[in-house]
Amino acid sequence: MNWGAWGVQTIQVLLALAIAPLFAAWLQMLRSLLQNRRPAGLGQAYRDLRRLFHKESLLPEGSSWLFRFSPYVLFGTKVMALTLVPIVAVNPPLARAADVIALVGLLAVARVFQVLAAMDTGTAFADLGAHREMLVSALAEPALLTAFFIASLLAGSTSLSTIALHAQQGMFSLHPSMVFAAAAFFLVLLIENARIPVDNPATHLELTMIHEAMLLEYSGRHLALLEWGAQVKLLLYVAMGIALFFPWGIADQANPIALLLACLAFVGKLFLAAPILALVETLLAKKRLFRVPEFAASAFLFGVIGLLTHFMLGA
Amino acid sequence: MILLWLLGSALAGVPILAFWGDGRKGRWLFVAINFLVLLCSVLAAKDFLQHGPLAAMGEELRMDAFSLILVLLNSVVGMMTAWFSAGYWQQEVQHHSFGKGRQRLYHAMFQSFLATMLLALLSNNLGILWVALEGATLSTVLLVSLQRSGESLEAAWKYFILCGVGLAMALFGTVLLYFAAQPVLGTGARALLWSALHHHAASLNGTVMALTFVFILVGYGTKVGLAPLNSWLPDAHAAGPSTVSAVLSGLLLNVALYAILRYKSLADAALGPVFASRLLLAFGLLSLLLAAFSMLRQHDVKRLFAYSSVEHMGIICIAFGLGGPLAIFAGVLHMLGHSLAKSSVFFSVGRAVQESDSRELEDLRGILASRPVLGWSLLLSILAILGMPPGSLFLSEFLIVVASIQQAWFITPLLLLGLGTAFAAILPRLLQMLYGAPNSPKVMLSSKDLRPAFLQILAVMTLGIWIPASLDSWMHSVAGILQ
Amino acid sequence: MHPAIDWFSLPSLLKFLAAWMLLLSFALLAQRRLLSLIHLLAWQGVTLAVSTALVAELTGDRLLWLSAALTFALKGLLVPTLLHRLLRRLQVRGDVEMSLNVTSTQLIGIVLVIFAFALAAPLSGALPAATHGMLGIALAAFLLAFLMMITRRKAISEVVGFLAMDNALFFAATSATLGMPLIVELGVALDALIAFVILGVFFFHIRESFESLDLHWLEHLREDQ
């Protein structure tokens, strides 16, 4: 048993879990500042989670075990996904068990459970949210896959660690197909994490909700887990993007100095990623629901063009 | 040197007419400038007889036999159109109450159109050829929409967009040609000179040349009016003034075809003659048949003759597609005859439309009885365009049919079908125009203005019987240039 | 720390810009709002200018720097500003109407991209290594702009498509063939400027006659008239 590697793996997961609410709070703060509102402070997400964990969890009448079980499944799959992504170090031990395709599969499992649980409640709005979610992700998932395929084709492997290593060593240079992969990935990030222009995460209007609608019936610790899970998902996507496109700084050896630098690098990149997201969210307006599939289709087609560029032009 | 004078006088006319192109002085200035251009081109022809191909500006401008023939044709038809326009335009100004600005615009744009076509013919640099053709298109856009009516705006918009797209494709072809030429001739302006390229044509990359020719054919073919990209042609001819239709049909289509043929000569050397010839033949045949069958349904007289232009361009493309000295000779003769005859058709038709104030065939009747001069002009010019002897079009069409029997007998029935349908479409309408119960015209206009039309018809008939020796030798040498 | 090896080498930067160019063409195809179309066109112009400058650096041709500066001024700044002003003065509002819906248009766009790449693939052998694949991308961008022109209904979006085609052509001329003779480039630029002026004149006339820049009104001239 390589304690060092397992230790690094555990540190990675714990770090991600701890930082996720902070990142979400930092993003929210930037959005508030850009919109000329008073920010709530960096600790707000932590305070919210603590409050929710102390509250009583109510269950709707007529809901089944699925409703109670789902938040744990969701959170669990997100944690599992975290183990696959190289955040501060490449080749975490568990990463060998799965590759990018399995990663997408894990996220799909999470989505399925969330949707089923929402439909389980029997209320109209949750149902609505579930249908919309499936509509949008039906197109977003292939887009994500094509982005990963491009990266895998260039690196010669579907393991995210290997891809990150290759990118780090400059093997990608500035391939045109990576440009398209980046575009597709960014669009999918916006879609999957319910950012504007796809869905407003702060909306209270049920008619415009996609993700929020599915959370309407939850309360107490279940809601806390779901909120935390959503924050972890955002961090996960950003970490994936960093690993694919900006991997410099990720340690490829287990010595403590490299790890420390890698942690700092990761935090630094998160710090820089948030303003970009905040700008995008502030400058764009939310799309009408029936335009969202077009948006997802665009992401998919960007990915396809990237694949074409790779295959037919050798670029 | 004479080339510079020729080009310079044509180009200098544009600013002159932009300032002084209104009223009576404008009309006659226009005639004078084009007369000067005609003189220069005759002098250039004399120079050519003595010295062979002429060049100027370090090989950027060049005139060989092919461009000489077309330059002479351009200057003659330009001069005749300017002469006709003197009378025609006076009536138009009165009828539509055009202001001074509009008159200056008309003359300046017209002159710019003629000048850019001249530049296109004289330019040895294929990139400048493109620039000149684009300039010609832009000049005519404003001319077509001169009336500012809904119909003319729509026609001009369609023209602009379609020809713009076509020219963009042609530019892409030019870029591809430059790309093919670089390994052979290096970078720099020399790589786009036709004379240099023709010299080294066999060493150009075949695949690139094939792609180049396809883009050029589709691109410049839009301007020639080849089907299926010719939907701008009938609208532009119908909506613009008749003088503009005359030069569009008579001159611009020829110049665009000239551009295609220059590229074809390069492609033939690089690829072997089969590829480009087959493409040209196919498009020509398609245009002929499509135009011939569309003519049957027309009831607007100018649209009818616009389709006739497409038909004749199709015939010329078939001729050049067949290849061989006989067909090429016939093709060049047909270019000459068609320009002269079609412009006189448009002069006569334009006059008739002005007098009846309508373009519908129903409103143009019994002209021979009520206005004999106009009637005769219509009769003779339309018979010439139909390919009746002694017009030169009869001779060239006959030669083309003979060439097709010799070289590609399976297209002869289609060729004859197209010619026959066109004939059947136009003749009854001609007879109706001449002999039906006369409609009294709204305006009676002087018939002296039709003198240029008669002169051109005379030229067509002369060419059908006798071709001057020097012209004959030039036409024969075109085959050598294009192969 | 690993050195970022190929990042700043000119050929790979050029390839990056080529991809960006194609991305913008595709985005133009998928855009609905007229203002966004103009912004994307401006970005395309800037990309074009930067790539021309890179080619100038690569080949050492002084005149191309002039060309790059002209492109930036003309296509990156002047033309979008003029279009913007035109939009405001004509008070054109609203989205672009499409003949086909966006997703189908995009799918046809993909087919065209495949076609363009397939056409250009055998030619890549004849290219110098720096411009490998550029011709295919330029051709694809050209065809996408062409598709955009065909599937739009408002006059201004047709013009934007036309200008995008022009951009793709220019890209082919600079990146695939590493520049064209200066006089030709100047001639082309001049023609483009004049065309643009004429277009502006045109829009006013069309609007006066038809009270709208919707091309639907411009479909009266038909065969059976």
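## Meeting the chains and their rings

Chain A and chain B have no contact joining them, and their closest C-alpha atoms lie 17 Å apart. Bear in mind as you look around that this is a predicted model. Two pairs of chains are in contact, and of these, chains B and C share the most contacts.

**Where chains B and C meet**

- The contact draws on 48 residues from chain B and 46 residues from chain C.
- Between them, chain C and chain B bury about 4200 Å², with 78% of that on carbon and sulfur atoms.
- On the side of chain C that touches chain B, the elements giving two or more residues are helix 5 (134-150), helix 6 (155-176) and helix 7 (182-210) of chain C.
- Helix 7 of chain C gives the most to this side, with 15 residues.

**Aromatic rings**

- Over all chains, the count comes to 27 aromatic pairs.
- B:Phe394 and B:Phe398 are a stacked pair, because their ring centres are 6.2 Å apart and their planes are at 25 degrees, under the 30 degrees that counts as stacked.
- These two residues, B:Phe394 and B:Phe398, are four residues apart in helix 16 (residues 392-407) of chain B, so about one helical turn separates them.
- B:Phe394 has 38% relative accessibility, so it counts as partly exposed.
- Ring pairs also link a cluster made up of B:Phe30, B:Trp89, B:Phe98, B:Tyr106 and B:Phe110.

**Charges over rings**

- B:Arg262 lies over the face of B:Trp194, at 4.2 Å from the ring centre.
- The charged end of B:Lys223 sits over the ring of B:Trp232, 5.4 Å from the centre of that ring.

Methods:
Residues are numbered from 1 along each chain as its sequence is written. Chains are lettered from A and ligands numbered from 1 in the order in which they are written. This is a predicted model: local features need pLDDT of at least 70, side-chain atom pairs count only at pLDDT 80 or more; totals for chains, interfaces and linings use all residues. Side-chain values use heavy atoms; hydrogens and water are left out. Rings of Phe, Tyr and Trp (its six-membered ring) pair if their centres lie within 6.5 Å; planes under 30 degrees apart count as stacked, over 60 as edge-to-face and the rest as tilted. Buried means under 20% relative accessible area, exposed over 50%, partly exposed in between (1.4 Å probe, protein chains only). A charge sits over a ring if NZ of Lys or CZ of Arg is within 6 Å of the ring centre and within 35 degrees of the ring normal. Contact means heavy atoms within 4.5 Å. Buried area is the accessible area (1.4 Å probe) that two parts lose on being put together, summed over both.
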